[in-house]
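Come along and check each entry against the structure.

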Amino acid sequence: MNLIDPVHDCRLVGVVRAVTGIHDCALIIHGRPGCHSGPLGLQSQTSSQRYVNVVYSGLRSEEMVTGGEKRLKLAIENVYKVMKPKLIVVASASAAGIMGDDVDGVIGEISSSVKCRIVHISACGYSGPEWTGYEDALVKIVETVLEEYKSRQSFEKTKNRISIVGFHPDEPFWRGDLQELINILKEILNVDISVVLNWCSIEEISNIVNSDLVVVLGGDGLSVADYLKKNFNIEYIVTPYPIGIKNTIDMIYSISSKLGIDINTKKLEAYEKYVRDIIEDFQTYVEGIYGNVRCVIVGESSRAFSLANFLLNELDFDIEYIGIRSRNYVTDSELLKWKNSEILNDRYELYKKILEISPEVVYGSTFERDIALRCGCALVRYCYPTLDRVYMSDRTIVGFRGAITLIEETINEMLNMQEKTELAYLSKMNDTKLLER
Amino acid sequence: MKIINIPYVSEIASKITEAFPFHNAACIDGKILGALWAIYQIRNVLPIIHGPIGCSWQRKFALMGSEIHYWTPCTAWSETEVVYGGEEKLYKAIVEAYEKFKPKMIVVLTTCASDMVGDDVEYVVDRARKVVKCPIVYSTGDKVGKTRQVGSQDVLYSIVEQYVVPNCENVEIEDGTVNLMTIGGEYSRSIVTELEGVLKAAGLRVNKIYFEDREVEELLELAKVRVNVVPYYQVWARYLSDVKGVRDFVLINFEEYDLEKAYPLGYEAAINKIFEICKLANVEPDEKSLERFYKPMLDRFEKIKRRVSGLKVCIENDWGTCMLFALKLGLKIEALVFWTEQYRGHGYSESSIKMMIDGYVQYLRQYGQDPEVIVDEKFENVIDKIKRRNIDLVITGWWSKPFKYHKNGVVAISSRNLKLFFEFGLTPLINAGEVLIKKIEKGIPTNPVVDIEINEKLPYLSKRWGELTLLFHLNRYEKPE
């Protein structure tokens, strides 16, 4: 194709997402200012601002002729002085890549004066999609942090200690999701958690070697799990992203059977009762949507299929289409299970598809806002990048409580269609001040 | 498929993101974002970004506000184009774009990748113009020098150069007419609210307000009037003046230390500007009508002035608008606080920062003000000095934090709330005056919920944003060995 309106980003944003949430890590984008401002904006508007960590190398237009190696060296020194990170990740963007800057050479040269680990990841826009940047960056970070452990013969693994891979602290509801995930694993499975990638410190990443098991949520970060298996003999499992009750229980049972541990059935029943009680409290609303909604799901592979599973098997929705905007290594096997699913490349095609289906609800991100408006359907924001909502509270869309949030969001966004209908009518009557404000 | 670019940004929604220290603080946008801002102002114009997908996807959202650029098709460069060039791909993409979207105009935007590889975009566009039935414009970012914002300036210049000028040979200039510009981008359209009314009162005909939601054909009318009134210097407007004799008139001059000449705020400044525009448009201003127009506003302004005159204020990290506001309302400027890193971010050297501060002080002295100048002091010292001088109110800088003053028992308001930047006339002073009165009446919140660790070196920012801002400036401006 010669013309694409992309639904996903290039490797660079994958790298940014891999370092988002690592508390004492800094990311230097070695490229032009546009390659820095976009990722900084995305990161700071979707994740914790305490740990925003995207820095510009300062590459100037005049250096596009002479090369930016000296500039990068200076940037690394400055970042070390100002932020005192434990790890610096340098992502080279298109301009540095085309110029052929020797980033590894700069890192080698500076390693004696900058006393923290530095890694380089090629993130040129033309060299691949977002998900490859995420996978490669995560492996490189873990590999670098665990370098010193590699020469050891054995590791003391702690029984029933697990690590989580594939959690993104830049998704909507990320704070609540993190908490809910930890609560469920601790309360129902009584496991210890070494580290949740990537909401952790560098030191916590090194604890990953003590894990008994790595749990890969929805398939994101599978390369890290593979790396840990090969180099540290740590077992891993890929579980569905715990969206909805069935996916959550599947995750719990997968971990329990792999570790050979019992499930705290009392706790599990308590969680299930919690959901049941709420549904009873709002029964007619839930009945209103049950088996009665035609929807489209757009999003990352790791979450979209889990959401589809929940909506289909627990709410009897008609899933008219699943458009995968960013894939991972398990996407192909998931695609086989869903006949109306495909990997998206072009927003134009997605647009045409949704207009043709004319669903009642689109599950997506801020970037689907206009499609939903033009189709006259509700939009439930559940995935990255959601930039027009702020998620400060501990609401979650994972686990048992998450099922309630998703039902609530769906009902409220559908109810909100009345407001949109009124707005459309007022616009038609030319009687709204909205465009003036 | 119909292209619908949404040119409007909600002022209410924008409030939520105004405090992000982006613009020349922790980052600066690339040219593509500015270019998209300009393109999104005009109906049915389709951008084609000639480069990798990241240059397109990342630019779907503006840094401020929840504005989304839904349509940003691109040529999706892979390593093949980096090696062999992307000219053929661009040609096919333009043809495909026209077939798919039937836009009224296509604007090709080059990126670092296509610029560095050296694609001959002009040649490709010329070829495509022969088969595509809509105007095609290309913008490389090279035509406007360093005039900010490069992206939007270059797109507008390219549109005027490649579409307006070649197509306006038969357009007759009408005496007494003007166009007004809000200029696409993050800045408000309120700059033209009072201006439009007062120009009409003076006897001029306002032809159109650009570029907000204009049709492509309407762009030709940029060459139809005597004067194009632009908020700040626009390369395209000067070009049109040079080649077609349509004069450009600039409202805001950032280079000026004489604040009255820099910003068109207040009655006198407004009247002066109107007289100058009338002169350029060959119209004798209707002074009586102007008087009638301003009479109720002046009455309201005087009433506000009486309420606040004599209040002791401290102004922090200002660019001149708050000082001018204070002078016009008869406030007593007791102190000026500067944390100079903010100015360094805009490329100011040590000497130019000093010159700027001295310039402000000298200007204020002409009006009998003698503020204490506090430069890069620790925040605790600033608070001490403010308290010692019994200051009634602090007007903080754009990104600065009123809550940190509140916590120390000092009334403070952010200059963001006063909305004095990119404004014209008396209305912004009246509005800001009313906001100020409300703040004074409200006083200090008893228990402010916000409590963020402040960066020691850059006390106008939080710890992490301060680090990122400092690094942005260091990495950008420090010279490597």
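**Entry 1: chain A as a whole**
I began with contacts in chain A whose separation is 6 or more, and I found that 72% of them join residues 24 or more positions apart. I kept in mind that this is a predicted model. Next I counted elements, and chain A has 19 helices and 13 strands. How does the radius of gyration of chain A sit beside the globule rule? I noted 23 Å for chain A and 22 Å from the rule for 437 residues, so chain A is as compact as a globular protein of that length. I also boxed the C-alpha atoms of chain A along the principal axes and got roughly 65 × 60 × 35 Å. Of the 437 residues in chain A, 54% are buried.

**Entry 2: the domains of chain A**
I wrote down three stretches for chain A: domain 1 (11–145), domain 2 (161–269) and domain 3 (274–424). The C-alpha centres of domain 2 and domain 3 of chain A are 24 Å apart. Where these two meet, domain 2 of chain A brings 29 residues and domain 3 of chain A brings 33 residues. Which elements give two or more residues to the domain 2 side? I found helix H9 (174–189) and helix H12 (245–259) of chain A. H9(A) gives the most, with eight residues. Sorted by class, this side of domain 2 of chain A has 13 nonpolar, nine polar and seven charged residues.

**Entry 3: a look at H9(A)**
I stayed with H9(A) and tested its length. With 16 residues at 1.5 Å a residue, H9(A) should span 22 Å, and its end C-alpha atoms are 22 Å apart, which agrees. I then listed buried residues in H9(A), including A:Trp174, A:Leu178, A:Leu181 and A:Ile188. What covers them? Among the elements I noted are strand E5 (161–165), strand E6 (192–196) and helix H19 (399–428) of chain A.

**Entry 4: the largest nonpolar core**
I looked up the largest nonpolar core, which holds 281 residues; A:Leu27, A:Val89, A:Val362 and B:Val108 touch the most other members. Helix H7 (residues 130–145) of chain A provides the largest share of this core, eight residues.

**Entry 5: where the chains meet**
I counted 54 residues from chain A and 62 residues from chain B in the contact. Among the elements of chain A that each supply at least two residues to its side are helix H1 (11–19), strand E2 (54–56) and helix H17 (347–357). The chain A side divides into 26 nonpolar, 16 polar and twelve charged residues.

**Entry 6: the domains of chain B**
I finished with chain B, which is divided into domain 1 (11–165), domain 2 (171–285) and domain 3 (302–442). The C-alpha centres of domain 2 and domain 3 of chain B lie 29 Å apart. Their contact takes 21 residues from domain 2 of chain B and 17 residues from domain 3 of chain B. Which element gives the most to the domain 2 side? I found that H9(B) does, with four residues. By class, that side of domain 2 of chain B has 15 nonpolar, four polar and two charged residues.

Technical notes:
Residues numbered from 1 in each chain as written. Chains lettered and ligands numbered in written order. Predicted model: local features only at pLDDT ≥ 70, side-chain atom pairs only at ≥ 80, totals over all residues. Contact = placed C-beta atoms within 7 Å. Nonpolar A, V, L, I, M, F, W, Y, C, P; charged D, E, K, R; others polar. Domains from an automatic or database assignment. Rg over C-alpha atoms; globule rule 2.2 N^0.38 Å. Buried ≥ 20, exposed ≤ 12 C-beta atoms within 10 Å, placed from the backbone. Expected span 1.5 Å × (residues − 1). Core = buried A, V, L, I, M, F, W, Y, C linked by C-beta atoms within 7 Å.
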